[in-house]
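Trainee: I would like a close look at the aromatic side chains. Please take me through them step by step.

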Amino acid sequence: MNIDHATLVSFAKSFGLFYLIAMSIVAVAYAFWPSKQAQFNQSAADIIDDEDTPCR
């Protein structure tokens, strides 16, 4: 099987596109997963709780 440059480039471009789309869907699903809401809210509150005094 002889693979030329154009075939390899077109495969890489299409695979890269599908990989990017799949990873974006995974990241959005993780961010909006209902069971993660409490963890994200706690993380946001922890950052604010540490900043209740002036900087030294």
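This is a predicted model: local features need pLDDT of at least 70, side-chain atom pairs count only at pLDDT 80 or more; totals for chains, interfaces and linings use all residues.

Mentor: The chain has 56 residues, and buried residues make up 0% of them. Its secondary structure comes to 2 helices and 0 strands. The accessible surface is about 5,500 Å². Carbon and sulfur atoms account for 68% of that surface.

Now the rings. The structure holds 3 aromatic pairs. One of them joins Phe11 and Phe15. Phe11 and Phe15 both sit in helix 1, which covers residues 5-31. They are 4 residues apart there, so about one helical turn separates them.

Phe15 also pairs with Tyr19. This pair is stacked too, with 6.4 Å centre to centre and 25 degrees between the planes. The 6.4 Å distance counts as a pair because the cut-off for ring centres is within 6.5 Å. Phe15 and Tyr19 are 4 residues apart in helix 1, so about one helical turn lies between them.

Phe11, Phe15 and Tyr19 form one aromatic cluster.

Finally, check the cover on Phe11. Its relative accessible area is 52%, so Phe11 is exposed. The cut-off for that class is over 50%.

Terms used: Residues are numbered from 1 along each chain as its sequence is written. Side-chain values use heavy atoms; hydrogens and water are left out. Rings of Phe, Tyr and Trp (its six-membered ring) pair if their centres lie within 6.5 Å; planes under 30 degrees apart count as stacked, over 60 as edge-to-face and the rest as tilted. Buried means under 20% relative accessible area, exposed over 50%, partly exposed in between (1.4 Å probe, protein chains only). Accessible areas come from the Shrake-Rupley method with a 1.4 Å probe; for residues, only the protein chains shown count as cover.
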